Amino acid sequence: MEKQLMIGEKALMAIGHDRTTGNTQYLIIDKSSKLPFIHDQEKHVDYCNANGLEFFAEVWKHEKKNIGPLASPQALLELEAFSFVQNYQNGHFTKVDAAEYDIKFLVRKFNLTGLKITQKYISSGELLEIQRIIDSVRR
């Protein structure tokens, strides 16, 4: 496997977030698979595959020049916003609350102002809800 960028809760913890988890997630591009999500049960690691989902591919492209082990704060915001919407659509409201908390942390800590990618993959109503969360921190 080529380059991988840590995302999710462990990446947030690495940049100062207080929410703890046992989950490890990476954004990768696995050219041998079209699956959007790959789980390595042996290592207890989840991979978001840029070769399996157009949204992940666009975030991957955004991170092309990123040479560090972690996704950038902007990429983490994009992924958290997407997670917020997906979990809401699937009725996982505890995860929705966690994603909102993570979005607020990223906006506050890194002075982020909005989305650059995710809005292409969510409805206008979903985008308004994410922007409401971002604006609630930026006031």
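The largest pocket holds about 740 Å³ of space. This is a predicted model, so treat each stop below as a feature of a prediction. Now colour by element. α1, β3, β4, α3 (73–89) and α4 each give two or more residues to the lining. Which of them gives the largest share? Helix α3 does, with six residues. Colour by class next. The lining has 10 nonpolar, 11 polar and six charged residues.

**Stop 1: Glu 9 and its partners**

Show its side chain together with that of Arg 19. The two meet in a salt bridge, 3.4 Å from N to O. Glu 9 sits in helix α1 and Arg 19 in the loop between α1 (8–14) and β2, so the pair ties together parts that are 10 residues apart in sequence. Is Glu 9 buried or exposed? Glu 9 is buried, with a relative accessible area of 14%. Glu 9, Arg 19 and Asp 102 are linked in a network of salt bridges.

**Stop 2: Glu 100 in helix α4**

Move to Glu 100, in helix α4. Show Lys 104 as well. Their side chains form a salt bridge, 3.3 Å from N to O. Glu 100 and Lys 104 are four residues apart in α4, which puts about one helical turn between them. The two ends differ in cover. Glu 100 counts as buried, at 19% relative accessibility, because the cut-off for buried is under 20%. Lys 104, at 25%, counts as partly exposed. Now display what surrounds Glu 100. Leaving out residues up to four places away in sequence, Glu 100 touches Phe 84, Arg 132 and Ile 133.

**Stop 3: a link across the chain**

Select Glu 58 and Lys 120. Their closest N and O atoms are 2.5 Å apart, in another salt bridge. This pair joins distant parts of the chain: Glu 58 belongs to helix α2 (residues 54–62), Lys 120 to the loop between α4 (93–110) and α5 (124–138), and 62 residues separate them. Lys 120 is exposed, with a relative accessible area of 55%. Glu 58, in contrast, is among the buried residues of α2. How many salt bridges does the model hold? The count comes to five.

**Stop 4: helix α2**

Keep α2 on screen. Select its buried residues: Phe 55, Phe 56, Glu 58, Val 59 and Trp 60. Which elements do they pack against? The buried residues of α2 pack against β2, β3, β4 and α3. Then pick Glu 54, also in α2. Glu 54 is exposed, with a relative accessible area of 60%. For a distance check, draw a line from Glu 54 to Leu 5. Their C-alpha atoms are 17 Å apart, and the two are 49 residues apart in sequence.

**Stop 5: strand β4 and its neighbours**

Select strand β4, residues 45–49. Four of its five residues are buried, so the strand is mostly covered. Zoom in on Tyr 26: its bridge partner in β4 is Tyr 47. Now bring in strand β3, residues 37–40. β3 and β4 pair in the antiparallel sense, over four bridges. Asp 40 stands opposite Val 45 in β4. In general, side chains in a regular strand alternate between the two faces of the sheet.

**Stop 6: two positive phi angles**

Follow β3 into β4. The two form a hairpin with four residues between them. Select His 44, in the loop between β3 and β4. Its phi is near 60 degrees, a positive value in a residue other than glycine. Most residues other than glycine have a negative phi. His 44 counts as exposed, at 59% relative accessibility.

Finish at Asn 111. Where does it lie? Asn 111 is in the loop between α4 and α5. Its phi is positive too, near 55 degrees. At 54% relative accessibility, Asn 111 counts as exposed.

Note on methods
Residues numbered from 1 in each chain as written. Predicted model: local features only at pLDDT ≥ 70, side-chain atom pairs only at ≥ 80, totals over all residues. Heavy atoms only, no water. Buried < 20%, exposed > 50% of the residue type's maximum accessible area, 1.4 Å probe, protein only. Pairing = 2+ DSSP bridges. Salt bridge = Lys/Arg side-chain N within 4 Å of Asp/Glu carboxyl O. Contact = heavy atoms within 4.5 Å. 1 Å grid on protein atoms, 1.4 Å probe; cavity = no way out; pocket = protein on both sides within 12 Å on 5 of 7 lines; lining within 4 Å. Points joined across faces, edges and corners; volume = space filled by probe spheres on them. Nonpolar A, V, L, I, M, F, W, Y, C, P; charged D, E, K, R; others polar.
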